[in-house]
Amino acid sequence: MDIKECYEAMHGDYEDVFSRLRNNALIIKLVKKFESDQSYAELKQGLADKDAEKAFRAAHTLKGICANLGFKSLFEVSYEITEALRAGDMEQAKVMWPDVQACYARVENALNQ
């Protein structure tokens with residue numbers, strides 16, 4: 001699977017990220033760094049601990065990373081959960097969490113291929 005196919009599998013926006021970075025090697029390098037990012041794990045832990053501030057910071061970071069990398073579907077759900085947490089609505093964030101998990105799993109699966 002090449003990088004463009006990877007983006008298709010994760011429902012990402014390859015054209016957008018390529019238009020900004022103009023270099024597949026750089027895109028691949030940055031995408032590989034995503035695998036070591038801890039914001040998803042921190043979001044999960046923040047929700048489990050009922051720590052809205054920690055969860056918000058992690059969701060906000062995840063959202064920004066996804067925006068920069070063109071991970072469109074994961075960005076969208078990260079944006080939504082970030083806004084719920086910004087408002088301090090932990091209950092709504094918990095409702096949104098399965099969508100974040102599903103999109104994150106899709107990204108992980110695409111990256112692993």
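With 113 residues, a compact globule would have a radius of gyration near 13 Å, and the protein has 14 Å, which agrees. That radius is taken over C-alpha atoms, and the globule rule is 2.2 Å times the number of residues to the power 0.38. This is a predicted model, in which local features need pLDDT of at least 70, side-chain atom pairs count only at pLDDT 80 or more, and totals for chains, interfaces and linings use all residues. Residues are numbered from 1 along each chain as its sequence is written, and side-chain values use heavy atoms, without hydrogens and water.

The protein has 7 helices and 0 strands. Helices (H or I, at least four residues) and strands (E, at least two) are DSSP runs, numbered from the N terminus. Buried residues (under 20% relative accessible area, 1.4 Å probe, protein chains only; exposed is over 50%, partly exposed in between) make up 36% of the 113 residues.

Helix H5 covers residues 52-69. Its span compares as follows.

| Span of H5 | Value |
|---|---|
| First C-alpha to last | 25 Å |

The expected span is 1.5 Å times one less than the number of residues. The buried residues of H5 are Ala55, Ala58, Ala59, Leu62, Lys63, Cys66 and Leu69. Down the axis of H5 they fall within an arc of 140°, so they line one face of the helix. The arc is that of the directions from the helix axis to the C-beta atoms. On the other side of H5, Glu53 and Asn68 are exposed. Glycine 70 follows H5, with a positive phi near 75°.
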